Amino acid sequence: MIRTRFAPSPTGPLHLGHAYSAITAHDFARRHGGEFLLRIEDLDQSRARPEWTAQIFEDLAWIGLTWDGPVLRQATRRAAYEAALCSLSDRGLLYSCACSRHDIAEAASAPQEGVEPIWGPDGLIYPGTCRPPKSNTTDDRAAQRLNMTAALSGRSTIAFQELAADFKTANNNMTFASQLINNIGDVVLSRRSGDAAYHLAVVVDDAAQNITHVVRGADLLSATPIHALLQHLLNYPTPIYHHHALIRDTDGKRLAKRDDAKAIAKFRDEGATPDDIREMVGLPPRSNL
């Protein structure tokens, strides 16, 4: 059975970009008699707000989306993330890192004069300051990083299947191990606060919810090889991915939570209908499904 999901963070209003992603995942599952699940990514309790969670439920229901089973909330999943971290740590694939963003920026720009630092999915590529045997920090507030070189030992590539725009064919997407090491680097899997980082949490939760197809924006394509690698390391199945085009404003800028002018609730308050929302993001009306 096809199982898709929508996983917003309750840190602001849903906008048209969220609507596009949620509707696309929902309609794909429903067309194939599958299930559409909802997950609230509220690990960062300093930013998550219950009123935004309530607004998410209201907005999705108004658009006409229904979800199956209970809503999964990341704030209740800390034990599962810790178990995954322990599995990786026991195999020597993690190391502690006490570097601040300022430390990383300084180290990344220092090695060779005139050589631009490399940016990856999470920002500047980590220069390996704390990677063993360079450092063995005992700071309790240290983050936990994946030793990418060790994690890729014995593997020359990481592959996943990408669902085409027609939603009928899937193509192999392959990333060489050297690209993961040089262009992504040792990603953070657990933050200084002790909270799981996005890359770990999303992989653990997709496995727990038995997600078969991950439908999300093209901005996350560069992170997918990380997730495919973690799925391999944790012995999880790798879903089929579909990275859709992003909804942009009139200046070509990707929509963000701060774009209240594009908020779903604002359009609803101004008299828009659910099918109006679908038309705004280039999707067919519900009657055509």
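Predicted model: local features only at pLDDT ≥ 70, side-chain atom pairs only at ≥ 80, totals over all residues.
Visitor: Why is α3 called roughly perpendicular to α7?

Guide: The axes of helix α3 (residues 78–90) and helix α7 (residues 198–208) come within 10 Å and cross at roughly 110°. Angles of 65 to 115 degrees count as roughly perpendicular, and therefore α3 is described in that way relative to α7.

Visitor: Which residues in α3 and α7 meet, and how many of them are nonpolar, polar or charged?

Guide: From α3 come Ala 80, Tyr 81, Ala 84, Leu 85 and Leu 88, which meet Leu 200, Ala 201, Val 204 and Asp 205 in α7. By class, this contact has eight nonpolar residues, no polar ones and one charged residue.

Visitor: Why is Arg 268 called buried?

Guide: Arg 268, which is placed in helix α9 (residues 264–269), has a relative accessible area of 17%, and because buried means under 20%, the term applies to Arg 268. Leaving aside residues up to four places away in sequence, Arg 268 touches Gln 55, Glu 58, Asp 59 and Trp 62.

Visitor: What makes Asn 235 count as exposed?

Guide: Asn 235 lies in the loop between α8 (224–233) and β12 (240–244), and its relative accessibility is 70%; exposed means over 50%, so Asn 235 counts as exposed.

Visitor: What is the phi of Asn 235, and what is that of Asn 210?

Guide: Although Asn 235 is not a glycine, its phi is positive, at about 60°; Asn 210, also not a glycine, has a positive phi of about 55° and is placed in the loop between α7 and β11 (213–217). Most residues other than glycine have a negative phi.

Methods:
Residues numbered from 1 in each chain as written. Heavy atoms only, no water. Axes fitted to C-alpha atoms, helices over the stretch in contact; angles between N-to-C directions. Helix = DSSP H or I, 4+ residues; strand = E, 2+ residues; numbered from the N terminus. Parallel < 35°, antiparallel > 145°, perpendicular 65-115°, else oblique. Contact = heavy atoms within 4.5 Å. Nonpolar A, V, L, I, M, F, W, Y, C, P; charged D, E, K, R; others polar. Buried < 20%, exposed > 50% of the residue type's maximum accessible area, 1.4 Å probe, protein only.
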